[in-house]
Amino acid sequence: ALLAREGVPVSALQRSFIQLLWPILTLTDSSRAIYEPLPEVGGKLDLSDCARFLEDIPKGGLESFYGGEIAQQIDDDMRAGGGLLTREDLRRYKVIEREPLRYRYRDHLVLLNPPPSGGGSRITRYLETLAALDSDLTNEATYVRALADAFCLVEREVAGEITGEAQPHFSRGTTHLTVADDEGNVATMTTSN
């Protein structure tokens with residue numbers, strides 16, 4: 001919450017993502033207030049609304065998020081913006097714990113989402129394909145090329161399974177990534193595709 005309140009410094013990579021997602025990030029008045037004008041590298045994003053949200057969650061607890069004041073605000077915002085999520089959806093939400101898929105890639109144990117999510121098995125296929133390419137991963141250009149090749153090969157395979165044809169197939173959906181280390185640090189990112 002402190003970083004959000006003080007403003008998040010924008011890196012070159014973040015700026016490139018903001019440019020890429022510009023039509024989405026500037027869709028509403030509230031998001032335009034954050035992203036317009038396009039922030040310069042080294043500039044700061046004003047995420048004070050996010051800071052307030054993060055500070056309010058511990059005060060009201062999960063009940064506030066899933067059925068109380070925060071849930072009502074989400075419902076109101078969704079209705080105003082033509083969104084689909086309702087307060088009732090939040091109230092009925094249940095966590096389903098599943099055993100993760102475990103995949104060993106080089107010297108790392110990778111834990112991935114199991115079915116019904118398709119992401120874990122797809123990432124496993126990316127990693128298997130990348131390992132089979134046996135590229136020099138210490139060279140950035142060779143590594144990026146190997147990654148692109150692995151993605152293309154797997155997407156053609158998946159498209160063939162779905163359509164019966166070997167062609168790239170990209171669907172809409174949501175990508176979520178969580179990274180955790182052995183010190184308890186966690187970072188997450190969710191992006192609509």
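Colleague: Is Ser 64 buried or exposed?
Modeller: This is a predicted model. Ser 64 sits in helix H5, residues 48–66. Its relative accessible area is 11%. The cut-off for buried is under 20%, so Ser 64 is buried.

Colleague: Which residues does Ser 64 touch, leaving out those up to four places away in sequence?
Modeller: Start from helix H5, where Ser 64 is found. Set aside residues up to four places away in sequence; Ser 64 then touches Glu 69, Ile 70 and Ala 71.

Colleague: Which side chain makes a polar contact with that of Glu 155?
Modeller: Glu 155 lies in helix H9, residues 140–163. Glu 155 counts as buried because its relative accessibility is 6%, and the cut-off is under 20%. Its side chain has a polar contact of 3.4 Å, and the partner is Arg 122.

Colleague: Where in the chain is confidence lowest?
Modeller: The chain averages a pLDDT of 84, and 89% of the residues score at least 70. Helix H7, residues 87–92, has the highest confidence, at 94. Where pLDDT is low, predicted coordinates should not be read in detail. The lowest confidence, a mean of 77, is in H9.

Colleague: What share of the chain's residues count as buried?
Modeller: The chain has 9 helices and 6 strands. It exposes about 14,100 Å², with 56% of that supplied by carbon and sulfur atoms. Of its 193 residues, the share that count as buried is 20%.

Methods
Residues numbered from 1 in each chain as written. Predicted model: local features only at pLDDT ≥ 70, side-chain atom pairs only at ≥ 80, totals over all residues. Heavy atoms only, no water. Helix = DSSP H or I, 4+ residues; strand = E, 2+ residues; numbered from the N terminus. Buried < 20%, exposed > 50% of the residue type's maximum accessible area, 1.4 Å probe, protein only. Polar contact = N/O pair within 3.5 Å; in protein donor to acceptor, adjacent residues only side chain to side chain. Areas by Shrake-Rupley, 256 points an atom, 1.4 Å probe, with all protein chains shown as cover. pLDDT = per-residue confidence, 0-100. Contact = heavy atoms within 4.5 Å.
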